[in-house]
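The following account leads the reader through a structure with its sequence alongside. Please keep both in view while reading.

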Amino acid sequence: MPLDVKTAPVADTISEKGFSCVNVGINCLGPKPARGYFAKRENAAPKSLPIVLLVHAAGDKGPWCCSEPVNALTYAKMGTLCFDLNAHGMLNGQPESYYAGLESGVLKNYYLQGVISPENFYFKGMYQRLLRTIDFLTRQPEWDGKRILVIGESQGGGQALAAAGLDHRVSAVVAIVPAMCDWLAPHSQRMGGWPQPFETNASKEDMLIALPYFDAANILKGSKATIFTEIGLIDMTCPSTSVYTAINQSEGEKIIYAVPYRPHHQPQNGMTKTWEETVYKPRELFIRNYLK
Amino acid sequence: MKRFLSVSLLAVIFTCLSVVAQAQNIRLIQTNESGIYKKGQKISVLVLTSNQIRDSLRIRVLKNNNQILIEKTTKILSDSLLVFESSFSEPCSIIIEARIKDGNSTIGL
């Protein structure tokens with residue numbers, strides 16, 4: 001399918017001298033186009049910049065679900081081609097009522113839509129949008145031809161792992177408490193990763209066929225990407241066992257921060273400072289060094 | 001006497017190696033600060049409390065996020081109490097939750 005890319009400059013970013021940021025829609029196989037914000041330094045030399053792809057956590061209307069120009073520009077200013085991709089092909093920059101409407105409408109419980117069918121499972125469209133965006137980014141003349149870093153948390157972490165498994169051009173991933181791992185874990189008396197489809201009442205027989213196509217524990221086989229991951233050892237949404245099961249399939253270097261006091265969300269209650277010093281800062285350092 | 005000395009010694013060692021988990025009136029500490037253990041390696045987890053003597057302490061230990069290994073309520077008789085001790089021959093996750101009237105703490109390994 002030939003790429004058909006629609007872009008519109010983002011008005012608020014006109015003052016960002018030396019950088020451009022555009023609102024992008026990319027046609028895509030599947031129900032929705034890939035949509036997000038793409039930012040880069042203007043007049044960068046050909047083959048000079050790494051790619052950073054930002055992917056989002058679960059949900060539709062919270063600020064953590066929506067692409068923002070500032071996200072893409074932050075990484076563009078680090079010397080990258082940066083795309084902040086929203087997970088659902090949603091229009092960007094809309095009023096909250098638009099996203100609320102999606103959440104209560106077509107995107108209600110999206111994570112379990114079509115769970116018994118490899119053709120209709122919701123994550124098929126999400127992964128198609130991921131891959132399409134990578135296709136778009138790798139066609140940019142400024143791409144250095146070597147580095148593609150995908151960064152995400154929770155559902156975003158799962159997308160990052162899926163990207164590494166499905167597209168071997170992805171050279172590194174930062175996956176923070178990643179979801180979409182080890183969905184068939186209940187077969188082995190373990191809890192699976194979010195959204196725990198096998199723990200629903202849907203047909204187990206059908207899910208045994210459908211789920212492996214989208215499970216990072218299957219998709220990551222053969223990947224040589226460097227994986228930087230943070231694992232919450234008290235995470236009840238994306239269990240630690242699910243993440244280890246997935247990343248153990250990968251052949252690339254693994255940098256693992258297993259955090260004994262981390263649940264699914266960021267640590268609180270007096271552990272924040274410890275976490276910032278021992279986990280967050282090393283992660284930021286890894287990203288900065290990778291993009292140098 | 002021997003058991004008292006070994007628990008006290010464990011408390012001293014763990015204090016040096018401890019990871020503070022949701023520190024307030026109650027803390028959980030484990031043998032390895034990292035929470036990562038080798039196959040068959042002994043795991044010990046202590047609960048440390050302050051001024052909670054004679055309060056009730058509820059302990060729950062989960063394996064692989066869905067199997068309850070221990071669920072019990074006990075009385076706090078000292079500032080430290082060994083709440084979990086085991087080793088495993090297969091990879092697994094263990095989550096220990098400790099709850100008192102005025103606080104709770106959770107740690108994973």
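Helix α3 (residues 122–138) of chain A packs against helix α4 (residues 155–166) of chain A, with the axes 10 Å apart and at an angle of about 65 degrees. Helices here are DSSP runs of H or I with at least four residues, strands are runs of E with at least two, and both are numbered from the N terminus. Axes are lines fitted to C-alpha atoms, for helices over the stretch in contact, and angles run from 0 to 180 degrees between N-to-C directions. On the side of α3(A), the contact is made by A:M126, A:Y127, A:L130, A:L131 and A:I134, and on the side of α4(A) by A:Q159, A:A162, A:A163 and A:L166. Two residues are in contact if their C-beta atoms, placed from the backbone, lie within 7 Å. An α-helix has 3.6 residues a turn, so residues three or four places apart point the same way. By class, this contact has 8 nonpolar residues, 1 polar residue and no charged residues. Ala, Val, Leu, Ile, Met, Phe, Trp, Tyr, Cys and Pro count as nonpolar, Asp, Glu, Lys and Arg as charged, and the others, Gly among them, as polar.

The model is predicted: local features need pLDDT of at least 70, and side-chain atom pairs count only at pLDDT 80 or more, whereas totals for chains, interfaces and linings use all residues. Residues are numbered from 1 along each chain as its sequence is written, while chains are lettered from A and ligands numbered from 1 in the order in which they are written.

Chain A as a whole contains 8 helices and 9 strands. A compact globule of 292 residues would have a radius of gyration near 19 Å, and the 18 Å of chain A agrees with this; the radius is taken over C-alpha atoms, and the globule rule is 2.2 Å times the number of residues to the power 0.38. The C-alpha trace of chain A spans about 55 × 40 × 40 Å along its principal axes. Of its 292 residues, 48% count as buried. A residue is buried if 20 or more other C-beta atoms, placed from the backbone, lie within 10 Å of its own, exposed if 12 or fewer do, and partly exposed in between. Among contacts in chain A between residues at least 6 apart in sequence, 69% join residues at least 24 apart.

Helix α7 (residues 240–247) of chain A is mostly covered, with 7 of its 8 residues buried. The buried residues of α7(A) are A:S240, A:T241, A:S242, A:V243, A:T245, A:A246 and A:I247. Their cover includes α4, α6 (216–219), β8 (226–232) and β9 (254–259) of chain A, together with β7 of chain B.

The loop between β7 (172–176) and α5 (204–210) of chain A holds A:P195, and the peptide bond from A:W194 to A:P195 is cis, with omega near 5 degrees. Most residues other than glycine have a negative phi, and most peptide bonds are trans. A:D182, in the loop between β7 and α5 of chain A, has a positive phi of about 60 degrees although it is not a glycine. A:Q189 is found in the loop between β7 and α5 of chain A and has a positive phi near 60 degrees. Are these residues buried or exposed? A:D182 counts as buried because it has 25 C-beta neighbours inside 10 Å, whereas A:Q189, with 11 such neighbours, counts as exposed.

Chain B has an open sheet of 4 strands in the order β4-β3-β6-β7, with antiparallel pairing. Strands pair if DSSP finds at least two bridges between them. The edge strands, each pairing on one side only, are β4 (67–75) and β7 (103–108) of chain B. Neighbouring strands of this sheet are turned by 10 degrees against each other on average, direction ignored. Strand β6 (residues 94–100) of chain B pairs with β7(B) in the antiparallel sense over 6 bridges, and B:E97 has B:T106 of β7(B) as its bridge partner.
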